[in-house]
Amino acid sequence: RMERRSHYAYLAALALVLFVFSGCMARSTTVRVALSRTYDPGSGVYAELGNYIFSSSVVRMGMFKPEKFNETIGFGIFLDEPHEPGRIPILLVHGHGSGPRSFEKIASRLDREHFEPWFGYYATGQSIPRTASMLRESLIEAAGKHGVDRIVILGYSQGGLVTRAALKPADDGLTLPDVPLLIGLSTPWGGSQAAAIGLERASGAPPAWKDMATGSPFIVQLFNDPLPEGTQLHIIYGTGGQNDRFPGKNDGTIGEPSLAYPEVLAEAESVTVFPAAVHSSMVLDPGPLAMLDGLLDGLRTDT
């Protein structure tokens, strides 16, 4: 009889846990997903950055287990509210070991009368060419779904490499929307020394490390093709780092020779350097954020 009561108590406790969990999941259904290979694009709901799919644990899965990430989340372009015709999307593409939450401050201060944030989300450990291909396909699908013919793209750190690769010519018969502005924020255009060191020291390193390593075939070939006609590239980075691994100036994560890679300088419309800023603060620092506002001003007058 005691065993039976214990069994009933266990079932009651389990039912309570399931009830609470189902309540949490019910609340999480308000998470609004606009476009993803995992979620139904026709669901009519949109993304909330506080949802678990954007959590650090899922981000980490994308870095070290990219195939599992692709099976459970998939590449996505997420909106946080319905697209409004007349507003220009700002596609925010995060860096390595990061996710859309890194852009929370940028999104919160965006002029929503003229612009709207779109969040790219991907497994940062998978190969960059594969990510770029997925970005290209998803961007074309998202633009078609919402009737968008132009979009601004901001790539942070690794995200800059992904977006630059996504804009290269492709034999897929698909047409990208116009990209009047491509903004590279703290991007290792010449490769990452840290990735190269990681490849030497770690077994089973993520494929993206191989692509990002200084002198990799991906880096060497990245600028073989010009940007699309009409796309202006603007480079922003900081040099406030104190990392002794880099000779000369750095942002704490990337050395200035990579941040100011000659090939990218040759095609950049502008280059802005913030001497006190470090890599991790570029999406939070008032200086870079004000710079982003200034770059958008010209488009604001056109809407």
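Mentor: A patch is made of residues with over 30% relative accessible area and no salt bridge, where like charges are joined within 9 Å and nonpolar side chains (Val, Leu, Ile, Met, Phe, Trp, Tyr) within 5 Å. Areas follow the Shrake-Rupley method with a 1.4 Å probe, and for residues only the protein chains shown count as cover. This is a predicted model, in which local features need pLDDT of at least 70 and side-chain atom pairs count only at pLDDT 80 or more, whereas totals for chains, interfaces and linings use all residues. Residues are numbered from 1 along each chain as its sequence is written, and side-chain values use heavy atoms, leaving out hydrogens and water.

Trainee: Which residues make the nonpolar surface patch of about 200 Å²?

Mentor: One member, Leu265, has its place in helix H11 (residues 262–267), helices being DSSP runs (H or I) of at least four residues and strands (E) of at least two, numbered from the N terminus. Because its relative accessibility is 36%, Leu265 counts as partly exposed, a class lying between buried (under 20%) and exposed (over 50%), with a 1.4 Å probe and protein chains only. The patch is made by Leu265, Val271 and Val273.

Trainee: What percentage of the 303 residues of the protein chain count as buried?

Mentor: The chain holds 12 helices and 8 strands, and it exposes about 14,300 Å², of which carbon and sulfur atoms supply 56%. Of its 303 residues, the share that counts as buried is 51%.

Trainee: At what angle do the planes of the aromatic pair Phe54 and Phe78 lie?

Mentor: Rings of Phe, Tyr and Trp (its six-membered ring) pair if their centres lie within 6.5 Å, and their planes count as stacked under 30 degrees apart, edge-to-face over 60 and tilted otherwise. A search of the whole structure finds 8 such pairs. Phe54 and Phe78 are an edge-to-face pair, 5.3 Å centre to centre, and the angle between their planes is 85°.

Trainee: How many residues apart are Phe54 and Phe78?

Mentor: Phe54 is buried at 2% relative accessibility, and Phe78 is buried at 0%. Phe54 lies in the loop between strand E1 (35–36) and helix H2 (56–64), while Phe78 belongs to strand E2 (residues 76–79), which puts them apart by 24 residues.

Trainee: What distance, N to O, separates the side chains of Arg112 and Asp80 in their salt bridge?

Mentor: Arg112 is partly exposed, with a relative accessible area of 25%, whereas Asp80 counts as buried at 18%. Their side chains meet with an N to O distance of 2.9 Å.

Technical notes
Salt bridge = Lys/Arg side-chain N within 4 Å of Asp/Glu carboxyl O.
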